[in-house]
Amino acid sequence: MTSKYVDIHGNPRWIKIGVRDNFCCAYCGVNLLNDVISMSSAQIDHILPQSKYKTYKDEDTNMVLSCYCCNQIKRAFDPLEKLSEQERMLITVETLDSFREKLLSICRHYVIPLLEKKKKILYMSNEVLQPLGVSKKSI
Ligand SMILES: [Zn+2]
């Protein structure tokens, strides 16, 4: 999910989060400063979806850089649902940072297989189009 406040490329908060995350998508790892298209597709994602967890919506710890595609896949996926009740009780604004990598890992396990599915569709589309003389460049 994106937020109007942080979704402006080049704004100080975007740069701060970008430097922390090496300007790579937190899920697929693509370098978001490869080119203008990659940079323009970069979004701020909330690890704990802002639609569900208002307390964490303005916390830098809860934000990651994401490419457009991964952000669209993740949307409101809630990694907390994969944790035990006991672990969930331990997460607060103060402790979120220590759970960050675990939560990101849960999100990656959700996002990456769906991203692979999209890549397969792309591959299959190119397989169908190639015999017809339609190359990727002319699409
Ligand atoms: Zn990505």
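I started with helix H5 and looked up its buried residues: Phe-99, Leu-103, Cys-107, Val-111 and Leu-115. This is a predicted model.

Next I asked what these residues pack against. The buried residues of H5 pack against helix H3, residues 68–74. On spacing, I noted that an α-helix has 3.6 residues a turn, so residues three or four places apart point the same way.

I then checked the length of H5. The helix covers residues 96–129, 34 residues in total. At 1.5 Å a residue it should span 50 Å, and its end C-alpha atoms are 47 Å apart, so the two agree. I also looked for a bend. H5 bends by about 30° at Lys-102.

I moved to Val-30. It is found in the loop between helix H1 (12–20) and helix H2 (36–41). Leaving aside neighbours within four places in sequence, I listed the contacts of Val-30 as Cys-24, Cys-25, Ser-38 and Cys-67.

Last, I looked at the whole chain. I counted five helices and two strands, in the order α-α-β-β-α-α-α from the N terminus. The C-alpha atoms fill a box of roughly 55 × 35 × 20 Å along the principal axes. Of the 139 residues, 21% count as buried. Among contacts with a separation of 6 or more, 73% join residues 24 or more positions apart.

Technical notes: Residues are numbered from 1 along each chain as its sequence is written. This is a predicted model: local features need pLDDT of at least 70, side-chain atom pairs count only at pLDDT 80 or more; totals for chains, interfaces and linings use all residues. Helices (H or I, at least four residues) and strands (E, at least two) are DSSP runs, numbered from the N terminus. A residue is buried if 20 or more other C-beta atoms lie within 10 Å of its own, exposed if 12 or fewer, and partly exposed in between; C-beta atoms are placed from the backbone. Two residues are in contact if their C-beta atoms, placed from the backbone, lie within 7 Å. The expected span of a helix is 1.5 Å times one less than its number of residues. The bend at a residue is the angle between axes fitted to the seven residues ending there and the seven starting there.
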